[in-house]
Protein chains: 2
Amino acid sequence: MENSCELCIYRSYLFDNLDKKEFALLTLSKKELEFRKGSIICREGEKIKSFLYLKQGLLKIYKNVDNRREQIIGITKPKDFIGLLSAFNETTHLYSISALEDSSVCVIDIEAIKNLVIKDGSFALNLLGKMSKINDQILGTRLNINLKNLRGRIAYILLMFREIYKSEIYDIPVSRKEIAELIEMRTENVIRILSELRKDKIIRIEGKSIEILDLHRLEQIAEFG
Amino acid sequence: MENSCELCIYRSYLFDNLDKKEFALLTLSKKELEFRKGSIICREGEKIKSFLYLKQGLLKIYKNVDNRREQIIGITKPKDFIGLLSAFNETTHLYSISALEDSSVCVIDIEAIKNLVIKDGSFALNLLGKMSKINDQILGTRLNINLKNLRGRIAYILLMFREIYKSEIYDIPVSRKEIAELIEMRTENVIRILSELRKDKIIRIEGKSIEILDLHRLEQIAEFG
DNA sequence: CGCGGCTTTGATGTTCATCAAGTAAAGTGG
DNA sequence: CCACTTTACTTGATGAACATCAAAGCCGCG
């Protein structure tokens, strides 16, 4: 069902106001790709050829800093646009993207999007808004995290995944090391603080399995450290 | 000379490809405002009514965190767009902006810009690129700063102002406290490290007056701490 | 002239990174 | 399928980097 965009429930409202002809054109230059957990969708420095839209799954956006370390910029939820950060700026990706879970990604040729921007002004305006929002959100998160102490950061992350999975019980899709890379701390401290929170009966944690036991206190910690 | 935009040497290339009619329309809804050093251009939470462009001077973009502290997000140089971050997203400013030096700002009605985006596709595309670039730059800077130790951050800031003023000798336009707020450290440590750098003969500093004596070593410090 | 904010230096304390070492889990090749 | 290797996870001990506290001089401003 390659051409089922019209009925796609994951479709962004961004494409809602397109006329039939425009929509058809977009659908034509669209592919849907599956990525297995752990596989890489694009690498920093590669040429940007497509406009990416996450239909299902979970991705991480990151940068390599040293040889062995990554800096995770953010986690992408379904219905998010990906790589929107640099799509209209540089011709190469500024960040790498990989799949944290098995994911399904809609791939639209970047030139088709650019043509659409030129032809359809209200589409352009919508896109500007969307882009603005994503950027604000990412920057806001970074600033926020740096104001918190380590306990606060861990609490923040646990609450973030609660939002994503809409549940107090979930399997955390990232390793301890990746948590550290996401919130600028060391793996050892991630583990230490998770253990503390367990001892304090705020969470139950066993391997990847998380349960938030005391949501109120966790929120307090996220807010004030 | 309110209507001298056509000849304005500070004008952004963004407006270069507009046709006469579009340009006239823009010029019509444009004002040029002067801000004295220290005065506030807009406040976090205020309604966005204009699209701002810095003609001359220097501004800081910041957020209030506690009652008494600010988090400086960035410094705006001439020819930069301001508040582009949230202009198309929220209807209220996400950040406050104030003048670090006497500044001259071009103010264009936001609706005029939005109309232009809708009417002129290549203008929209240019704007997307511009916005993308600014956001990438700000995010990149934040990530970068957090990887450095305090010495590295101070070195970075000193080099940043060198870029802005195109000189190894300049008056630093911000207080020690503001430097701290810009690179996420404490005022006392800013002072301490500036003193260290002076003792090491890497800079000369006396009040606001700065001279970079050993550029090479300063660059080394900025890179590796 | 006195008040408040900025600057500076020193002393002290806390937080977090680093180092070390061991267990568990997961991938790899014969 | 099992030995082997590598990667992830965990805990404790140590130290360095940075924040905080305190005190005093300085400057501009009403």
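How much area do domain 1 of chain A and domain 2 of chain A bury between them? In this predicted model, the two domains bury about 1,400 Å² between them, 54% of it on carbon and sulfur atoms. Buried area here is the accessible area (1.4 Å probe) that two parts lose on being put together, summed over both.

A quick word on conventions: residues are numbered from 1 along each chain as its sequence is written, while chains are lettered from A and ligands numbered from 1 in the order in which they are written. As this is a predicted model, local features need pLDDT of at least 70, side-chain atom pairs count only at pLDDT 80 or more, and totals for chains, interfaces and linings use all residues; side-chain values use heavy atoms, with hydrogens and water left out.

**Between the domains of chain A**

- Chain A splits into domain 1 (4-145) and domain 2 (148-224), with bounds that come from an automatic or database domain assignment.
- The domain centres, taken over C-alpha atoms, are separated by 27 Å, and 16 residues of domain 1 of chain A are in contact (heavy atoms within 4.5 Å) with 16 residues of domain 2 of chain A.
- On the domain 1 side, Ile72(A), Ile75(A) and Ile145(A) lose the most area to domain 2 of chain A, together 36% of what that side buries.
- The rule finds 2 salt bridges across this interface, a salt bridge being a side-chain nitrogen of Lys or Arg within 4 Å of a carboxyl oxygen of Asp or Glu.
- There are also 9 residue pairs in polar contact across this interface, both residues at pLDDT 80 or more. A polar contact is a pair of N or O atoms within 3.5 Å; within protein, one must be able to donate a hydrogen and the other to accept it, and residues adjacent in sequence count only if both atoms are side-chain atoms.
- On the domain 1 side, the elements giving two or more residues are β5 (70-76) and α3 (121-147) of chain A; the largest share, 5 residues, comes from β5(A). Helices (H or I, at least four residues) and strands (E, at least two) are DSSP runs, numbered from the N terminus.
- By class, that side has 5 nonpolar, 4 polar and 7 charged residues. Ala, Val, Leu, Ile, Met, Phe, Trp, Tyr, Cys and Pro count as nonpolar, Asp, Glu, Lys and Arg as charged, and the others, Gly among them, as polar.

**Between chains A and B**

- 34 residues of chain A are in contact with 34 residues of chain B.
- In chain A, Leu128(A), Leu139(A) and Leu143(A) lose the most area to chain B, together 21% of what that side buries.
- β5, α2 (110-119) and α3 of chain A each give two or more residues to the side that touches chain B, and α3(A) provides the largest share, 18 residues.
- The residues of that side divide into 19 nonpolar, 9 polar and 6 charged.

- Over all chains, the count comes to 28 salt bridges.
- Glu44(A) forms one with Lys63(A), the closest N and O atoms being 3.8 Å apart.
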